[in-house]
Amino acid sequence: MTSNSAVLPADDTGFFGHPRGLFVCFATELWERFSFYGMKYLLLLYLTKYHLFSDANGLEVLGSYAALVYAMPVIGGLLADRYLGMRKAVIFGGLLLVAGHLGMAVEGEQARYVEGEVVRDEGALQVFYFSLALIVMGVGFLKPNISTIVGRLYAEDDHRRDSGFTIFYMGINIGSFVATLLCGYLGETYGWAYGFGAAGIGMLIGLVTFILGQKHLHGHAEPANPEVLQEKSPIGLNKEWSIYLGSLLGVFAAWQMLQFHGAVGTLLNILSVVVLVGLAWFITTRCNAVERGRMIALIVLTMSTVVFWALFEQAAASMTLFADRVMDRTLFGIEFTASQFGSLNAFFIMTLAPFFAWLWTALDKRGLEPSTPVKFALGIAQAGLGFGALVWGAANPDEAGLVAAWWMVLAYLLHTTGELCLSPVGLSAVTKLSVPSVVGVMMGAWFLATAYSEFVAAQLAKLAAIETVDGGVTDVSAALASYNSLFTDLLWVGLGVAVLLFLVSPVLRRLMHGVH
């Protein structure tokens, strides 16, 4: 077995000219994303239509879950880097994910009204919350570390590295696209347990693929110092088992947080204030003029992503409810389920990403490529314009008062082109603009901003919360007016922040001191 710093020989071309280990990572991530997206767009519909949650309560659960999912990889990545190594972290995360997704398939009894009060199967709901907590922790261990393994399969100067990551990210989008169509169809057509269960089976396939493919990773996923894992921790166990035990305690903590509205929001607010105060101190006392300018520019860009993702992540929130309640979901003569429209993002990523890669290169050769702040502004503007498409559609319903599905397609198209402007350059900006000694902190701040945006997205969606009867709306026109009001506000928020960021982009570019 080779050390972590070793690399595969350049003649390992068993997977379309790439190392065979890339297939292992590709397949593992494909199935992990299959499981994740397979349940993501079903979640809110399941809560509001089966357990008869109000829109507001369902969105609280969705927002808290999504925020924790995006915050936890920071911890999982640190534990893998310093102690576990990627293999152990991915397998542990995969086991938690399989258990969590299969637990989601426990429906229990459907909620019902008794003398005007909703009676729910509280036992099944506790299984549901605990399953979500398992998924939160599982994603935290698996998600950051499978990507790290891909990077280690290549030497620093290996020309295949960029295309290898392109193949890997294609796996993410294939998994997302297929899962949202399949699990969305099964869940809404045959029963929620079928949709959630299919997601769990997908994760099990991914875990088995990773375990069986270990020989192709050639030791690159092993811990840097395995002897450290055998050292005693303060609780008397060795450090490896102490990490596993601590993580299970974290599952119980997440289990409780998901049930108490506001707990996650309070935690995120506290963390955000602590990080901002700490960064302000660091920038003031520890940075020279160039470093200070770059860090300020990075903080502004990071904060702007909260706006983008809060708009973008309406997809699993208000946009899914919109599709379910006030939209004619027929395309090409086929009626799709509300959750299946979530597959459009992955579809447009797969079809448009090559074009955007070519576009930036072509513009760069002509000296016309937009700066990073301008790309961010373009991304946020397109997120706003996506809601403009839905507003226009809501103003032109059909005879039944329903909005044509093509407006939702256009909204997803604009949101995806916005994502392609902002997301690929985001993490790159963190590594380029951060002071080297705090790159890890700034990467954590980036993911904290993403987590915060998930929470904000749910709060925004609550502005269009509607009273339902048995999970459905009784007045389509009133529901349409409520969503139209929210989407109009989101349109102007997106455009307003984009214009503001565009106006300050020359200042940000000067603060970046030559970093493109």
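Student: What makes His513 count as partly exposed?

Tutor: His513 has a relative accessible area of 38%. Buried means under 20%, exposed over 50%, and partly exposed in between, using a 1.4 Å probe and protein chains only. Since 38% falls in that middle range, His513 is called partly exposed.

Before going on: this is a predicted model, where local features need pLDDT of at least 70, side-chain atom pairs count only at pLDDT 80 or more, and totals for chains, interfaces and linings use all residues. Numbering starts from 1 along each chain as its sequence is written, and side-chain values use heavy atoms, with hydrogens and water left out.

Student: Where is His513, and what is its phi?

Tutor: His513 sits in the segment after helix 16 (476–511). Helices here are DSSP runs of H or I with at least four residues, strands are runs of E with at least two, and both are numbered from the N terminus. The phi of His513 is positive, about 50°, although the residue is not a glycine. Most residues other than glycine have a negative phi.

Student: Which class does Phe332 fall in, buried or exposed?

Tutor: Its relative accessibility is 72%, so Phe332 counts as exposed. Phe332 lies in the loop between strand 4 (330–331) and strand 5 (334–335). Phe332 also has a positive phi, near 55°, without being a glycine.

Student: Why is helix 1 called largely enclosed?

Tutor: Because 26 of its 30 residues are buried, helix 1 is described as largely enclosed by the rest of the structure.

Student: What about helix 12, where is its kink?

Tutor: That kink, about 40°, lies at Leu352, shortly before the proline Pro354. Helix 12 (residues 343–365) has 23 residues and reaches 34 Å from first C-alpha to last, close to the expected 33 Å. Its buried residues include Ser343, Asn345, Ile349 and Trp360. Among the elements covering them are helix 5, helix 10 (289–312) and helix 14. After helix 12 comes Gly367, with a positive phi near 70°.

Student: Why is the pairing of Asp55 and Arg325 called a salt bridge?

Tutor: A salt bridge is a side-chain nitrogen of Lys or Arg within 4 Å of a carboxyl oxygen of Asp or Glu. Asp55 and Arg325 meet at 2.7 Å, N to O, so by that cut-off they qualify. The pair links distant parts of the chain: Asp55 is in helix 2 (residues 55–84) and Arg325 in helix 11 (residues 318–325), 270 residues apart. Asp55 is buried at 2%, and Arg325 counts as buried at 7%.

Student: Which side chain meets Lys88 in a salt bridge?

Tutor: That is Glu240, at 3.3 Å, N to O. Lys88 lies in helix 3 (residues 86–104) and Glu240 in helix 8 (residues 239–257), so the pair ties together parts 152 residues apart in sequence. Glu240 is buried, at 10%. In another salt bridge, Lys239 meets Glu231 at 3.1 Å; Lys239 is partly exposed at 24%, as is Glu231 at 37%. The count comes to 12 salt bridges.

Student: How do you know that Glu419 has no salt bridge?

Tutor: The nearest side chain of opposite charge is Lys40, 9.1 Å away. (Lys and Arg count as positive, Asp and Glu as negative; His and the chain ends are not counted.) Glu419 is in helix 14 (residues 405–433) and is buried. Its side chain does have a polar contact of 3.0 Å with that of Asn345. Polar contacts are pairs of N or O atoms within 3.5 Å; within protein, one must be able to donate a hydrogen and the other to accept it, and residues adjacent in sequence count only if both atoms are side-chain atoms.

Student: What makes Met408 buried?

Tutor: Met408 has a relative accessible area of 1%, so it counts as buried. Met408 is in helix 14. Leaving out residues up to four places away in sequence, it touches residues including Met319, Phe322 and Met327, where contact means heavy atoms within 4.5 Å.

Notes
Expected span 1.5 Å × (residues − 1). Bend = angle between axes of the 7 residues up to and from the residue.
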